[in-house]
Amino acid sequence: MSTTTLSEGRGFTPGMTFPDLACTITREEQEAKLRCCGLDPALHGDRIDLTQLAYLAVLAVRQSGISINGRVHMTQVFDQRQPLYLGEPLIVRGKVLAVTPERRGQIEESQFDFIRPDGSIPLSTRRSSLRLDP
C-alpha cells in the first residue's frame, strides 16, 4: 500500500485542455437536488438551475485523470448568455488559463464552456483552486 499526500499527482499546465464531457441535466435529477436543499423546483420551470452545472467542471478535470484531492476550491464565476433547458444535451469543454505560484502551492485557473449541439455557448464558467504543496 502506498502512502501519498493529498496534493500529490499530476498538476495543471497553462494551455492544457480537458477531454470533452457530455452531459444532460434531467428534470428528475434537478428536482431531487433542489428538494434536498428545501427549494421548490417549480421556480425554475423547464430551465436548468445554474448551480446544477457547477460540479460538471470538476468532473471534466477528474475525467482527464487528474485527482481533485489536495485542491481547495476558491472561486467560480458564471457567464450565462442564454437559458439552458432540462433534458438539453451539452458538452463541457475546459482548458487551463493560468497557473500562478502562491506561498502555499499554486493557484490553478481554468475555464469551461457549455456547448450546444449547434456549437453555440450559452454558458461559460471560470474557476480557480489552490493546489497545496505536499
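Which residues of the largest nonpolar core touch the most other members? They are Phe-18, Leu-53, Leu-56, Val-92, Phe-112 and Phe-114, in a core of 21 residues. A nonpolar core is here a set of buried Ala, Val, Leu, Ile, Met, Phe, Trp, Tyr and Cys residues joined through side-chain atoms within 4.5 Å. The structure is a predicted model, in which local features need pLDDT of at least 70 and side-chain atom pairs count only at pLDDT 80 or more, while totals for chains, interfaces and linings use all residues. Residues are numbered from 1 along each chain as its sequence is written, and side-chain values use heavy atoms, with hydrogens and water left out.

**Confidence and overall architecture**

- The mean pLDDT (the predictor's confidence in each residue, from 0 to 100) is 89 for the protein, and 93% of its residues reach 70 or more.
- Over residues 1-8 the pLDDT stays under 50, and the model has 12 contacts beyond four places in sequence for this stretch; contact means heavy atoms within 4.5 Å.
- The secondary structure comes to 2 helices and 5 strands, arranged along the sequence in the pattern β-α-α-β-β-β-β. Helices (H or I, at least four residues) and strands (E, at least two) are DSSP runs, numbered from the N terminus.
- The C-alpha trace spans about 45 × 35 × 30 Å along its principal axes.
- Of the 134 residues, 38% count as buried; buried means under 20% relative accessible area, exposed over 50%, and partly exposed in between (1.4 Å probe, protein chains only).
- Among contacts between residues at least 6 apart in sequence, 69% join residues at least 24 apart.

- In soluble globular proteins, nonpolar side chains tend to be buried together.
- The buried residues of H2 are Ala-54, Leu-56, Ala-57, Val-58, Ala-60 and Val-61, and their cover includes E1, strand E2 (71-80), E3, E4 and strand E5 (123-132).
- After H2 comes Gly-65, which has a positive phi near 95°.

- A search of the whole structure finds 2 aromatic pairs. Rings of Phe, Tyr and Trp (its six-membered ring) pair if their centres lie within 6.5 Å; planes under 30 degrees apart count as stacked, over 60 as edge-to-face and the rest as tilted.
- Phe-12 and Phe-18 form an edge-to-face pair, at 5.4 Å centre to centre with 65° between the planes.
- Phe-18 and Phe-112 form a stacked pair, at 5.5 Å centre to centre with 15° between the planes.
- Phe-18 lies in the segment before E1 and Phe-112 in strand E4, so this pair ties together parts that are 94 residues apart in sequence.
- Relative accessibility is 7% for Phe-12, which is buried; Phe-18 counts as buried at 4%, and Phe-112 at 0%.
- Leaving out residues up to four places away in sequence, Phe-18 touches Phe-12, Ala-60, Val-61, Ser-64, Ile-66, Gly-94, Lys-95, Val-96, Ser-110 and Phe-112.

**Strand E4 and its partners**

- Strand E4 is mostly covered, with 9 of its 11 residues buried.
- E3 and E4 pair in the antiparallel sense over 11 bridges, where two strands pair if DSSP finds at least two bridges between them.
- A hairpin joins E3 to E4 through 2 residues, and Ile-91 has Ile-115 in E4 as its bridge partner.
- E4 and E5 run antiparallel and are joined by 10 bridges; Phe-114 stands opposite Leu-123 in E5.

**Glu-108, a buried residue of E4**

- Glu-108 is placed in strand E4 and counts as buried at 1% relative accessibility.
- The Glu-108 side chain reaches the backbone nitrogen of Phe-12 at 3.3 Å.
- The Glu-108 side chain also makes a polar contact with the side chain of Gln-106 at 3.5 Å. A polar contact is a pair of N or O atoms within 3.5 Å; within protein, one must be able to donate a hydrogen and the other to accept it, and residues adjacent in sequence count only if both atoms are side-chain atoms.
- Apart from neighbours within four places in sequence, Glu-108 is in contact with Gly-11, Phe-12, Arg-71, Ala-98, Arg-127, Ser-128, Ser-129 and Arg-131.
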